[in-house]
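I opened the model to look up a few surface and ring features. My entries follow in the order I made them.

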Amino acid sequence: MSFDSLNSQAIPIVNPHARDPNHDLWVAVLGKAVHDAFFQTDYYEAQIALNWLDGNTTDFKIVCHLAGREFSYVKKKLEPKIEIRKNFFKKIKEGAWYATAEKEYKEEMKNVYKAFKSQSNMSSV
């Protein structure tokens, strides 16, 4: 009996189609940063996340890579949203009413999402 025939009868111990937990971890790290940047109510924590996402730091690039995402794509998709969130904080600092600034922020984010959806639909045609 040859070695090749023995290998063909072997029962796989590891599922080759299983998800990599390390990959999932880095996707979660990236997701947490996005969540903190756009949904965190603590101004300080939101600013840290926004600055990290808005920078060209090596650690952000590494996290994108480990999460299986292209850094330049992630950056390009987040840029308009980051600007909107920063403008929201700027309005608050300048004395705008929170409820008014929040309403404008949500409306601007909806518009960005609609534009993204329409681009996605057009590219699939």
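**Helices and surface**

I looked up Asp36 and, leaving aside its neighbours within four places in sequence, found it in contact (heavy atoms within 4.5 Å) with Ala46 and Ala49. The model is predicted, so local features need pLDDT of at least 70 and side-chain atom pairs pLDDT 80 or more, while totals for chains, interfaces and linings use all residues. I number residues from 1 along each chain as its sequence is written, and side-chain values use heavy atoms, without hydrogens and water.

Asp36 sits in helix 2 (residues 21-39); helices are DSSP runs of H or I, at least four residues, numbered from the N terminus. I noted Asp36 as buried at 12% relative accessibility (buried is under 20%, exposed over 50%, partly exposed in between; 1.4 Å probe, protein chains only).

Ile48 belongs to helix 3 (residues 43-54) and is partly exposed at 41%.

**Rings**

I describe a pair of aromatic rings by the distance of the centres and the angle of the planes. Rings of Phe, Tyr and Trp (its six-membered ring) pair with centres within 6.5 Å; planes under 30 degrees apart are stacked, over 60 edge-to-face, the rest tilted. I count 6 aromatic pairs by this rule. Trp52 and Phe60 are edge-to-face, because their centres are 4.7 Å apart and their planes stand at 65°. Both are buried, Trp52 at 19% and Phe60 at 0%. Phe88 and Phe89 make a tilted pair, 5.4 Å centre to centre with 55° between the planes. Phe88 is buried at 5%, and Phe89 is buried at 9%. I also logged one aromatic cluster of Tyr43, Phe88, Phe89, Tyr98 and Tyr105.

Note on methods
Helix = DSSP H or I, 4+ residues; strand = E, 2+ residues; numbered from the N terminus.
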